[in-house]
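Hello,

Here is the structure I promised to pass on. Have a look at it first, and then read my notes below.

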Amino acid sequence: MKTYFEELQEVLCKIRRDLHQMPEIGLHEFKTADYIKQTLIQWGITDYETWLETGIVVVMRGNGSAPAVAFRADMDALPVQEETGCAFASCHTGYMHACGHDGHSTILLGFAKYLKDHQELLQGDVILIFQPAEEGPGGAKLLVDAGLFEKHPVSAIIGCHIFPQIPQGKIACRKGALMARNGEVDIHIYGEAAHGAMPHLGKDAVLAGSAVATGLHTILSRNVSPLDGGVLTFGKIQGGEACNIIAKEVKLEGTMRAFSDTAYETMTKRIQEVAEGIAAGYGCRAEVVFRHMYRVVDNDAMLVEALQEVTGDCYQETEPYMLAEDFSLYLQSVKGLFFFLGSGNPEKGYTYPLHHAKFQFDESILTQGVCVYAKLLEKLQP
């Protein structure tokens, strides 16, 4: 006879493969949302609400003897053409679940079924958040701004991310900063065009832009404490009209990340000052535009200790990553825990990184995710 979790594993595999075939980008997860709702209804779970058109919030009622706890999964996919060759590959050309969100949604659905089948164990309410638009524009903030925690106050929020840099079977986490605060920056350099043979008659935006790109990297070495992590990368530069014309305009596009608000805000201030100053030194003008995005994923120490206790030998402490997650935007309102669910498996070839067209994982980790959620809930709502 199969155990409960062996039977659940079969259910989760089917759900994950169904979801994997219908990837949708942020705030357009209509098929995904309908599939999740129909699955909940099939299991007799009807206490759910629709938020932001595609988001779903499920309320599993407890007996009121413990504070409510929230669990979150993201739903959206990426504009990536899948190259896995698997039998259940994406049916939407140009889109793929290349970041494991199909797995995250499957785990949360599996947890919903577990709670329905073990309702007598529920002390406080459990709020299950199927969140749209993690990849952008940040569905977590949209939900918070829409009043999620006013309607459903919780004592903590928990989430996980399938992660190929961690070996399969391991649960990885750390106290404090796990993932970085991030933003994007555009720098427009405006000069004056001239013939390339008479450069003294112009103001060279290409030369100024090159100096700006080089000079900005001194911010990390001279303005940010060496004990604070930070990254400033300019991955795109555009400018010029022809090889024999002094360019009148150049645009640099970059990303900035840090593990503390102090370091991030220092970078923001100095990028503005340094870019404007260097450009002026070349007779040009700089305009700087920032797009501040997600915050630091800052794990609550007591929740990390609880995770370590319930996962035992499976637990490993991880280094922080300069990746960013909009789960951090929930943490501006409530304490939380975010951990990595290891999926790295060289024997099966599951080593491709997140956002890669060949990203895949062993589906046995789905049941592991449900088990960890169940043990955490029992720890937090004894």
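**What turned up**

Asp186 has its place in strand β8 (residues 181-190); please keep in mind that this is a predicted model. With a relative accessible area of 8%, Asp186 is buried. Its side chain makes a polar contact of 2.9 Å with the side chain of Arg291. Leaving aside residues up to four places away in sequence, Asp186 also touches Lys251, Leu252, Glu253, Glu287, Val288 and Val289, among others.

Next, the nonpolar cores. The largest has 90 residues, of which Phe71, Phe111, Leu128, Tyr330 and Phe339 touch the most other members. Helix α10 (residues 364-380) gives the most to this core, namely 8 residues. Apart from it lies another core, of 26 residues, including Val185, Cys284, Ala286 and Phe290.

Phe5 and Tyr114 are stacked, because their ring centres are 5.9 Å apart and their planes are at 20 degrees. This pair links distant parts of the chain, with Phe5 in helix α1 (residues 4-20) and Tyr114 in helix α3 (residues 101-117), 109 residues apart. Phe5 is partly exposed at 27% relative accessibility, whereas Tyr114 is buried at 13%. Tyr114 also stacks with Phe111, with centres 6.5 Å apart and planes at 15 degrees; both lie in helix α3, about one turn of the helix from each other. Ring pairs join Phe5, Phe111 and Tyr114 into a cluster that also includes Tyr4, Phe71, Phe339 and Tyr373.

Finally, two charges over rings: Arg16 lies over the face of Phe361, 4.1 Å from the ring centre, and the charged end of Lys113 sits over the ring of Trp43, 5.9 Å from its centre.

Best wishes

Definitions and conventions: Residues numbered from 1 in each chain as written. Predicted model: local features only at pLDDT ≥ 70, side-chain atom pairs only at ≥ 80, totals over all residues. Heavy atoms only, no water. Helix = DSSP H or I, 4+ residues; strand = E, 2+ residues; numbered from the N terminus. Buried < 20%, exposed > 50% of the residue type's maximum accessible area, 1.4 Å probe, protein only. Polar contact = N/O pair within 3.5 Å; in protein donor to acceptor, adjacent residues only side chain to side chain. Contact = heavy atoms within 4.5 Å. Core = buried A, V, L, I, M, F, W, Y, C linked by side-chain atoms within 4.5 Å. Phe/Tyr/Trp six-rings, centres within 6.5 Å; stacked < 30°, edge-to-face > 60°. Lys NZ or Arg CZ within 6 Å of the ring centre and 35° of its normal.
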